[in-house]
Amino acid sequence: MLKFLLWCILFVICWPLALVALVIYPLVWLLLLPFRIAGVAVGSVLVLIWALVTLPVRIVERVL
């Protein structure tokens, strides 16, 4: 919602720049999409490794 309001303000101030931003924004989003996917994958792997590292401690806690 905030991005839309900022775009409306830009449209009132300088409509050609607002139209260029309207075209470029989805292209930038598409270019950054692989990095977001990689970030999710790396985060998931790190959570899995952390769970495997702390598993023995959780097992010992449960036994005692």
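Buried here means under 20% relative accessible area, exposed means over 50%, and partly exposed is in between, using a 1.4 Å probe and protein chains only.

## Ground rules

This is a predicted model, so local features need pLDDT of at least 70, side-chain atom pairs count only at pLDDT 80 or more, and totals for chains, interfaces and linings use all residues. Residues are numbered from 1 along each chain as its sequence is written, and side-chain values use heavy atoms, with hydrogens and water left out.

## Ala18 and the cysteines

Let's start with Ala18, which sits in helix H2; helices are DSSP runs of H or I, at least four residues, numbered from the N terminus. With 0% relative accessibility, Ala18 is buried. Cys8 is ten residues from Ala18 in sequence, and their C-alpha atoms are 8.1 Å apart in space.

Cys8 itself is partly exposed, at 26% relative accessibility, and Cys14 is partly exposed too, at 31%.

## The largest pocket

The largest pocket has a volume of about 170 Å³, the volume being the space filled by probe spheres set on grid points joined across faces, edges and corners. A pocket is an open set of points on a 1 Å grid over the protein atoms alone, where a 1.4 Å probe fits, with protein on both sides within 12 Å along at least five of seven lines; lining residues have an atom within 4 Å of a point.

Which residues line the largest pocket? They are Lys3, Phe4, Leu6, Trp7, Ala21, Leu22, Tyr25 and Pro26. Helix H1 (2-13) and H2 each supply at least two residues of that lining.

## Trp29

Trp29 is found in helix H2, which covers residues 15-63. At 37% relative accessibility, Trp29 counts as partly exposed.
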